[in-house]
Amino acid sequence: MYNVLIADDHAVVRSGLKFLIDQMPGYQVVAEAATGNDVFIRVGHGDIDIVVMDLSMPPGENGLLTTKRIQAQYPEILILILSMHGEEEYVDKSIEYGAVGYVLKSSPDSEITNALKTIVTGKHYVDENVILLKSDIKEITADGSNTNLWGHNALSKREREVMPLVAIGYSNKEVAAKLNISTKTVEAHKASIMRKLDLNSHVDLVRYAIHHKMIEF
C-alpha cells in the first residue's frame with residue numbers, strides 16, 4: 001500500500017484528490033497539507049511514499065522549493081506535481097528539482113491515476129497535454145533515468161513514420177511497401193509502439209493518433 005500526502009492550499013482540491021486516490025487499489029491518502037513547510041514537516045514523520053504537490057501554496061515557499069528540500073533529505077519519496085501551469089519551464093524545473101511526474105489541474109482524473117501508476121514503477125510521467133520541446137526532453141532525460149514521457153516523443157523516427165499508416169488502416173504489407181522495409185520490421189515497430197505508448201489495441205492506437213493530431217479524417 002502506497003501512503004500518499006496531498007499538498008494543496010485549497011481544501012476542496014485536497015478533498016477531491018483524496019476521494020479519487022482512495023478509490024485506487026494499493027493507494028491511500030494518509031495526510032494533507034496546505035503549505036510547503038507543513039509538507040516538509042509531515043514528510044519527516046517517515047510514513048509517506050508519494051507526495052502530490054501543488055506549485056503555488058502561499059504563504060511561504062512554493063512547491064518547487066519544497067520539492068527540492070524533500071528530495072535533498074528524503075530522496076526515496078516520489079513527488080508528483082499537480083499544477084495549473086503548463087509551460088515547459090515549470091516542467092523542466094520540477095524534474096530538475098526531483099519531481100518524477102507532472103500533471104495539469106485542467107486534465108481529466110485519468111491523468112492523475114495514470115501518473116501515480118507510472119511513477120511507482122520507477123518511470124517519469126509527464127501529462128500528455130503538456131507540449132514538450134526536444135530540448136525539454138533532452139534535459140529531463142539527461143540523468144539517464146528510466147523515463148516514460150507517456151507520449152509519442154518516446155518513439156523513434158521510423159516508428160513515427162509507421163504509426164500514422166497503421167492507425168489509418170494500412171496492412172503490414174502496405175506499410176512495408178510505402179516505407180521500403182520488410183513486413184517483419186513493420187511488425188517489430190508496431191509492437192514497440194504499442195509497448196512504449198502502453199496501448200492495448202488498434203482502437204487505442206487510433207484514438208491516441210487522433211488526439212495528438214498525428215492523423216486526420
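## Basis

The model is predicted, so local features need pLDDT of at least 70 and side-chain atom pairs count only at pLDDT 80 or more, while totals for chains, interfaces and linings use all residues. Residues are numbered from 1 along each chain as its sequence is written, and side-chain values use heavy atoms, with hydrogens and water left out.

Helices (H or I, at least four residues) and strands (E, at least two) are DSSP runs, numbered from the N terminus. Strand 5 spans residues 101–104 and is covered on both faces. Gly 101 and Val 103 lie on one side, Tyr 102 and Leu 104 on the other, and all are buried. Buried means under 20% relative accessible area, exposed over 50%, and partly exposed in between (1.4 Å probe, protein chains only).

Two strands pair if DSSP finds at least two bridges between them. Strand 4 (residues 78–83) pairs with strand 5 in the parallel sense over 4 bridges, and Leu 80 stands opposite Gly 101. Strand 5 also runs parallel to strand 6 (residues 125–126), joined to it by 2 bridges; here Gly 101 stands opposite Tyr 125.

A crossover is right-handed if, with the strands pointing away from the viewer, the path from the first strand over the helix to the second runs clockwise. Strand 4, helix 4 (residues 88–96) and strand 5 form a right-handed β-α-β unit. The unit made by strand 5, helix 5 (residues 109–119) and strand 6 is left-handed.

## Aromatic contacts

There are 2 aromatic pairs in the structure. Rings of Phe, Tyr and Trp (its six-membered ring) pair if their centres lie within 6.5 Å; planes under 30 degrees apart count as stacked, over 60 as edge-to-face and the rest as tilted. Phe 40 and Tyr 74 make a tilted pair, 6.0 Å centre to centre with 55° between the planes. Phe 40 is in helix 2 (residues 36–43), whereas Tyr 74 is in the loop between helix 3 (63–73) and strand 4, 34 residues apart. Phe 40 is buried, at 15% relative accessible area, as is Tyr 74, at 17%.

Arg 69 lies over the face of Phe 40, 3.9 Å from the ring centre. A charge sits over a ring if NZ of Lys or CZ of Arg is within 6 Å of the ring centre and within 35 degrees of the ring normal.

## Helix 1

The buried residues of helix 1 (residues 11–22) are Arg 14, Leu 17, Leu 20 and Ile 21. Seen down the helix axis, they fall within an arc of 130°, so they line one face. The arc is that of the directions from the helix axis to the C-beta atoms. Val 12 and Phe 19, on the other side, are exposed.

Notes:
The expected span of a helix is 1.5 Å times one less than its number of residues.
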